[in-house]
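Have the structure open while you read.

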Amino acid sequence: MARKISFLGRSGTGKTILVSNLSAALAYLGYRVLQIGSDISLNSTELLREDKAILSVLEAFRDQFDIQIEDYMVQSPCGVYCLELGSIDPGAGCLSRGLSTIDEMMQEQKLLDKYGIDFVIYDIAGDTPCTGYILPFRENRMDIAVLVTNDRYASICTVNSLLAAIVRRGYKHPPVCLIENLTDRYSKYDLLDEFAEKTGVPVLGRIDYDEAAERAALSDDTVVYSDPESEASKVFISLAEKIAKTPIKNEDTPKPFCRECLLKWQKNWKLKRLAAMRHV
């Protein structure tokens, strides 16, 4: 049975680059992967598809209703299958509800079995954890929730809100873990590590900034496919192995900060950073 992994986080955290490289890494390891993007720009799978065009499955479903999901799948040169949800009518619904709809259709059409999919990777767009973003977790459609953040406070605040919404689901919520993704060469892990420790969220992996990965992304490619022997690729492949082989579970229920506690923690962290800067 395919393992369904949802990646969530604030825009600007490098989530899509990370997800695409992890999908490519899983394919490199021999797994069959389907990556599903939920951004209306259809850019979640851009680094995988090269110049191959892709159509919005939600727009097709809205116009035709009776569709076959596989008609909208594109196989990338690295072997990953790509699917993009696309847009909805403004004011007529929510993309995450659309994700659940497509997931139901994939089950009805036995799509994952037909293609022998081992992992379904959901790249869920969005900064605000509205009810819709949590719907796939409420419906028990996800096996793992991976929260992606860099070391900016706004990103951590979004992750904390997502964590609170998922945990509010109760004991049936999926395992939640954190990936710390440094998006520039000057970032540091201290803030992220402290957040993980305080909230009790296990850190699945840490991705350092690597110019090779950025260069590949600017060339509309993953570094794993374009240069699998690079150090950057080895990091993604190692993390993909961990995702594939390590049972991910929460020993204890994570405890997100309340709003006031988060602001207080941020203030204390700023004071510590200022003190450290004075000693440089």
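In which loop is the place of F65? In this predicted model, F65 sits in the loop between α3 (57-64) and β3 (74-75). F65 counts as exposed, because its relative accessibility is 60% and the cut-off is over 50%. Its backbone is worth a look too, and L42 goes alongside. Most residues other than glycine have a negative phi, but F65 has a positive one, and so does L42.

Now for helix α12. It runs over residues 259-278, and at 1.5 Å a residue those 20 residues should span 28 Å; the end C-alpha atoms are 29 Å apart, which agrees.

Which residues of α12 are buried? They are L262, W265, Q266 and W269. These cover an arc of only 105° around the axis, so they lie on the same side of α12.

What do the buried residues of α12 pack against? They pack against α7 (153-167) and α8 (190-199). Taking α7, its axis and that of α12 come within 12 Å and cross at roughly 155°, which makes α7 roughly antiparallel to α12. The crossing is right-handed. Y153, I156, C157 and N160 of α7 make the contact with L262, L263, W265 and Q266 of α12.

Terms used. Residues numbered from 1 in each chain as written. Predicted model: local features only at pLDDT ≥ 70, side-chain atom pairs only at ≥ 80, totals over all residues. Heavy atoms only, no water. Helix = DSSP H or I, 4+ residues; strand = E, 2+ residues; numbered from the N terminus. Expected span 1.5 Å × (residues − 1). Buried < 20%, exposed > 50% of the residue type's maximum accessible area, 1.4 Å probe, protein only. Arc of directions from axis to C-beta. Contact = heavy atoms within 4.5 Å. Axes fitted to C-alpha atoms, helices over the stretch in contact; angles between N-to-C directions. Parallel < 35°, antiparallel > 145°, perpendicular 65-115°, else oblique. Left-handed = near helix turned anticlockwise from the far one by under 90°.
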